[in-house]
Number of protein chains: 4
Amino acid sequence: MLKVGIIGAGRIGKVHGESITRYVKGAQVQAVADAFLNDGIRSWAAEMGIPHIYDDYHKILGDPSIGAVMICSSTDTHSQISIEAIRAGKHVFCEKPIDHDLKRIQAVREELAKSDVKYQVGFNRRYDHNFRAVHDAVAAGRIGEPQILKITSRDPNPPSVDYIKVSGGIFLDMTIHDFDMARYLLGSEVTEVFAAGGVLVDRAIGEAGDIDTAVITMRMANGALAVIDNSRKAVYGYDQRAEVFGSKGQIAISNDTASSAVLSGENGVVAEKPLYFFLERYMQAYAEEMNEFVDAVVHNKPTPANADDGLQAVRIGLAAKKSYEEKRVVRLSEIQF
Amino acid sequence: MLKVGIIGAGRIGKVHGESITRYVKGAQVQAVADAFLNDGIRSWAAEMGIPHIYDDYHKILGDPSIGAVMICSSTDTHSQISIEAIRAGKHVFCEKPIDHDLKRIQAVREELAKSDVKYQVGFNRRYDHNFRAVHDAVAAGRIGEPQILKITSRDPNPPSVDYIKVSGGIFLDMTIHDFDMARYLLGSEVTEVFAAGGVLVDRAIGEAGDIDTAVITMRMANGALAVIDNSRKAVYGYDQRAEVFGSKGQIAISNDTASSAVLSGENGVVAEKPLYFFLERYMQAYAEEMNEFVDAVVHNKPTPANADDGLQAVRIGLAAKKSYEEKRVVRLSEIQF
Amino acid sequence: MLKVGIIGAGRIGKVHGESITRYVKGAQVQAVADAFLNDGIRSWAAEMGIPHIYDDYHKILGDPSIGAVMICSSTDTHSQISIEAIRAGKHVFCEKPIDHDLKRIQAVREELAKSDVKYQVGFNRRYDHNFRAVHDAVAAGRIGEPQILKITSRDPNPPSVDYIKVSGGIFLDMTIHDFDMARYLLGSEVTEVFAAGGVLVDRAIGEAGDIDTAVITMRMANGALAVIDNSRKAVYGYDQRAEVFGSKGQIAISNDTASSAVLSGENGVVAEKPLYFFLERYMQAYAEEMNEFVDAVVHNKPTPANADDGLQAVRIGLAAKKSYEEKRVVRLSEIQF
Amino acid sequence: MLKVGIIGAGRIGKVHGESITRYVKGAQVQAVADAFLNDGIRSWAAEMGIPHIYDDYHKILGDPSIGAVMICSSTDTHSQISIEAIRAGKHVFCEKPIDHDLKRIQAVREELAKSDVKYQVGFNRRYDHNFRAVHDAVAAGRIGEPQILKITSRDPNPPSVDYIKVSGGIFLDMTIHDFDMARYLLGSEVTEVFAAGGVLVDRAIGEAGDIDTAVITMRMANGALAVIDNSRKAVYGYDQRAEVFGSKGQIAISNDTASSAVLSGENGVVAEKPLYFFLERYMQAYAEEMNEFVDAVVHNKPTPANADDGLQAVRIGLAAKKSYEEKRVVRLSEIQF
């Protein structure tokens with residue numbers, strides 16, 4: 001039985017804790033730590049049957065019965081806690097991004113190189129049934145040589161402007177998932193990035209120094225072209241689609257809905273909107289993500305999304321940012337640490 | 001060049017005349033006859049370039065240059081004109097039904113047996129791209145042995161009560177197409193019929209002695225079960241679907257729409273309603289129907305829907321009527337002439 | 001915390017035990033009883049953390065800490081154990097059917113009338129996201145007055161002939177779910193039944209005295225017509241669809257799939273087959289079923305499928321059997337106990 | 001009755017001639033001219049009832065009974081014949097592109113400015129039922145302010161390398177339709193273009209100096225971002241889709257198929273491939289295009305795609321070519337004549 005400690009008990013920390021408690025055989029949550037403990041966290045921990053609650057995550061790192069930690073704290077703490085956890089010999093699941101600064105990600109990787117702990121980054125979409133079906137079909141050669149990848153990724157509503165100010169910008173905050181998805185679906189690295197964008201949803205986002213709409217074109221090492229389109233606001237809900245086109249065909253996925261019900265009436269033939277946001281859409285993916293992390297730790301397998309995956313997604317994000325600012329194609333090799 | 005005469009220039013007569021003029025190579029309309037000639041018919045004939053207009057169809061039958069006639073007059077005249085046309089040596093396309101009375105249909109068949117004219121009955125759905133795709137897949141064995149056939153056939157609006165009174169009832173007027181479709185799709189004869197029904201759309205239809213909603217179950221000679229559901233009023237338009245289930249799979253067709261456009265908005269994901277009614281939905285089928293009639297005449301092939309097909313559909317309709325009235329299964333062998 | 005005992009640890013007993021353990025807040029499995037205890041049951045119980053394992057269910061009935069029992073034993077024991085459990089003051093969740101014999105169901109109902117325990121019957125499809133969406137739309141009046149209901153219910157493979165011999169026949173074993181669904185979706189009682197059927201899948205099923213393919217037409221108290229089609233074998237998987245047509249439109253549901261992936265290639269545009277069978281398709285429905293049972297017990301609400309629902313489905317099944325055997329419409333009022 | 005002359009009786013010339021003969025009321029083909037007359041052209045003209053056949057198009061220009069000409073000859077002759085036709089006072093329908101050279105297009109426009117003839121360019125997709133549905137929805141404000149446009153445009157097979165050498169390159173030959181579509185669907189001009197591409201289908205295309213796969217990103221004057229993806233070879237057929245996303249929702253269209261038949265079997269749920277190529281997919285659009293041209297001439301309306309539309313599409317194509325060659329964003333204002 002792998003005992004885990006959760007560091008950071010916000011929304012995503014609770015999601016992971018609940019997944020481990022309910023769906024993961026062979027693991028249990030031994031402790032949760034949060035610098036801002038409150039009644040909500042306490043009652044949640046009680047409900048989950050978590051024995052220990054701390055306000056200092058070092059108590060988790062110091063508990064020899066705990067084999068792995070989930071780093072779910074704020075982004076600016078990810079790399080530092082990662083390094084401490086690796087030094088403490090704990091396996092690490094770290095929410096994305098590891099850091100906005102490549103040097104600090106590199107420091108984590110160097111620490112990892114000296115240890116034998118497992119390190120997994122929270123790219124939850126890799127475990128989604130739809131994206132995985134595309135990945136598996138491409139990997140199995142069912143569409144032949146991949147030539148064009150298209151990802152649509154649109155949120156139902158922008159986050160608060162306060163959040164946007166510390167988010168690192170749309171490319172590091174939102175598109176980062178799509179950058180990882182491009183690498184995952186095609187099994188190839190990004191070599192060039194061109195990003196176009198604009199403030200089409202909310203002027204306040206522009207005033208905060210960010211954009212809310214973007215189209216990013218990438219060239220991959222295997223020759224394929226990839227294009228991502230993002231919006232911070234789709235009124236019909238969370239729009240998460242992908243298609244990969246290749247020499248033998250195309251595979252495409254559409255959005256999940258709460259039911260397959262279709263109502264034919266005087267005003268048309270009406271199906272349901274996509275599931276509203278990431279917790280609904282990726283609920284099962286989050287559970288599967290925990291399962292695979294525990295499986296990697298317990299059976300000494302590679303993690304399905306490692307520190308290098310975490311690094312590359314941030315690199316691509318930085319390249320996109322530079323491309324947008326300089327209005328030119330940026331080669332990924334320009335982005336070094 | 002086959003010259004044809006059109007007898008009856010109502011809506012369906014004009015559809016056929018236009019099809020021949022525009023889409024059928026190797027045929028042209030030489031004359032049109034209608035007992036109630038009016039300006040609408042005259043200007044339509046002029047537009048189509050039809051040389052002769054008569055108020056007496058016997059002039060068509062007497063024109064030796066005319067090789068075939070299209071009988072598009074009122075139902076009660078179909079069998080009589082059919083017999084006269086056959087005697088005059090004209091090939092015959094006759095709108096459905098040949099007659100409501102089996103004895104009179106039999107008289108047409110006996111006349112046909114003495115002649116070598118082609119006779120085709122107007123079961124237009126046999127030429128529809130969707131129904132034909134089902135037919136072809138079943139005939140090619142792609143679903144294995146057929147076991148269950150389901151046909152949905154619903155009109156967008158009931159006809160006038162005046163029409164209903166002379167229509168022969170829902171089974172002979174509306175379901176007759178579906179009875180023919182069951183035989184066409186399965187390539188097998190009906191042996192037993194059970195019809196349930198009700199007046200759920202408009203009480204006036206009930207007062208006219210008819211029903212407006214029906215579910216008809218049939219057993220086929222090949223063992224398959226078939227079920228048809230009918231309504232005189234689907235608010236979302238003309239609903240024309242079928243599915244055939246068999247030992248190796250199922251084939252199903254859905255409705256045609258004006259475009260594939262789908263609008264995702266705050267109120268759902270909205271596709272278009274089905275094409276509104278039979279002229280829109282079956283426009284191409286009507287053209288193809290004329291093509292195949294002319295092809296059968298010119299190349300001396302069997303017609304794709306002959307007098308026996310016309311007879312069987314009426315027999316099944318009469319069986320359904322009897323089943324509904326007597327609330328029991330009726331064997332088709334009970335319906336003789 | 002409601003403590004429950006599971007009586008019968010076969011496939012469905014384990015499904016319910018797992019649902020309670022993982023997904024139901026406020027309940028836990030205190031004991032499991034099975035007359036044929038084996039290592040599989042023991043290791044499963046250990047994994048679930050179930051404290052007590054018995055070979056005699058009376059030990060569950062005698063444990064005062066247990067508030068509710070799940071009767072998941074063989075069908076022939078359901079009514080007897082139900083009565084004993086009610087007398088012991090336990091709330092009861094009973095798998096369908098309560099019994100094949102209406103008199104014995106009636107005995108359960110009489111016992112219930114003397115008690116105040118909750119009684120829920122295992123019609124799991126009522127909790128499925130798709131069927132519930134149809135139910136809710138109909139109940140909300142979104143399709144107006146219901147006029148035609150169509151249910152397609154086909155299994156991927158027939159059960160063993162040994163099972164078929166004790167199953168009570170297709171109408172009581174398989175169609176019973178669809179009979180309940182007709183009542184649930186339309187909110188109306190069945191008044192007349194006509195059943196057609198045949199042995200089209202496997203001759204051995206016929207030799208065992210049953211049929212494997214059926215089409216059942218029903219008239220409902222509200223005037224609507226309902227039609228169910230069943231097959232014991234759909235090569236493409238578990239086919240579970242429904243549509244309700246009414247004065248204001250139609251609502252229809254299609255099958256669930258493992259993913260939305262669609263592969264366009266040289267051989268066509270290929271989507272996934274339906275989820276293979278009931279455990280995959282109704283996994284979430286089973287969890288929701290347990291949730292609602294516990295909710296009814298804990299909060300003293302009516303159960304969503306009670307003993308009368310259990311009785312009516314069996315009555316309709318018996319009417320269908322009689323209709324098939326006598327080749328006539330059977331009024332439900334003919335089926336009394 | 002408008003009499004038209006067809007200049008160039010290749011594939012597209014015959015399509016237009018047939019459309020006029022069969023589907024356009026108020027127009028007829030008076031003459032056809034082709035420098036390379038052959039038996040195929042003669043028998044086709046006979047079948048269509050076209051009175052005159054010439055090998056010199058000047059005979060058409062000199063026939064005072066002819067009111068309009070269809071320029072369907074090779075691309076390099078379009079602008080020259082356009083100018084001659086305008087000077088002869090004939091209304092002109094000209095296949096796309098008017099020319100690869102902006103100066104020569106400009107010469108046509110200058111000639112038009114001095115005349116009052118109608119000039120329509122052959123952007124046939126504007127008349128397609130699907131694209132038109134998107135256009136109309138966007139124009140009606142149903143998706144609010146457009147923010148992202150995505151067009152997928154893939155051919156089933158590349159043309160011959162000989163053709164590619166004189167085609168002007170993928171952007172002027174193939175994407176030109178999509179550039180026009182972007183302007184048509186959004187009702188806004190292109191301001192910036194970035195084109196990425198590669199030779200992923202056939203090395204011989206690369207050796208001929210062209211590419212076969214492209215992703216083009218554009219910024220529109222209204223702020224929207226547009227992205228087009230092209231391939232010369234989709235094994236599943238002609239892939240022609242579009243979606244427009246905006247502040248109030250999204251509208252999307254999918255491919256047309258020969259029928260709606262879907263076959264569920266052991267290997268999946270299989271729908272038909274898209275209609276194979278442009279003649280099948282756009283057959284009705286071609287007829288409608290002729291109808292609207294004749295309507296513009298006869299009723300003195302603006303043509304739905306005029307010389308400026310022809311010019312802009314070529315400008316965007318030249319900008320895309322420059323962008324691809326120079327690996328940078330090209331502003332449309334850089335492309336002058």
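The model is predicted: local features need pLDDT of at least 70, side-chain atom pairs count only at pLDDT 80 or more, and totals for chains, interfaces and linings use all residues. Residues are numbered from 1 along each chain as its sequence is written, while chains are lettered from A and ligands numbered from 1 in the order in which they are written.

**Exercise 1. Work out how chain B is related to chain D.**

Step 1: Superpose the copies by least squares on the C-alpha atoms of residues with pLDDT of at least 70 in both. A rotation of 180° with 0.0 Å of shift along its axis places chain B on chain D, with an RMSD of 0.1 Å.

Step 2: The two copies are therefore related as by a two-fold rotation axis.

Step 3: Look for the C-alpha of chain B nearest that axis; Arg22(B) provides it, 2.7 Å away.

**Exercise 2. Describe the contact between chains B and D.**

Step 1: Count residues in contact (C-beta atoms, placed from the backbone, within 7 Å). Chain B gives 24 residues and chain D gives 24 residues.

Step 2: Find the elements of chain B that give two or more residues to this side: helix H6 (129–139), strand S12 (249–253) and strand S13 (262–265). Helices (H or I, at least four residues) and strands (E, at least two) are DSSP runs, numbered from the N terminus.

Step 3: Compare the two sides. Of the interface residues of chain B, 100% are also interface residues in chain D, so the copies meet through the same surface.

**Exercise 3. Which strand of chain D is joined to S13(B), and in which direction do the two run?**

Step 1: Strands pair if DSSP finds at least two bridges between them. Four bridges join S13(B) to strand S12 (residues 249–253) of chain D.

Step 2: The two strands run antiparallel. Within this pairing, Leu263(B) stands opposite Ile251(D).

**Exercise 4. Examine helix H13 of chain D, residues 307–326.**

Step 1: Check its span. H13(D) has 20 residues and reaches 28 Å from its first C-alpha to its last, close to the 28 Å expected at 1.5 Å a residue (1.5 Å times one less than the number of residues).

Step 2: Count buried residues (20 or more other C-beta atoms, placed from the backbone, within 10 Å of the residue's own). In H13(D), 15 of the 20 residues are buried, so the helix is largely enclosed by the rest of the structure.

Step 3: See what follows the helix: Lys327(D), with a positive phi near 55°.

Definitions and conventions
Two residues are in contact if their C-beta atoms, placed from the backbone, lie within 7 Å. A residue is buried if 20 or more other C-beta atoms lie within 10 Å of its own, exposed if 12 or fewer, and partly exposed in between; C-beta atoms are placed from the backbone.
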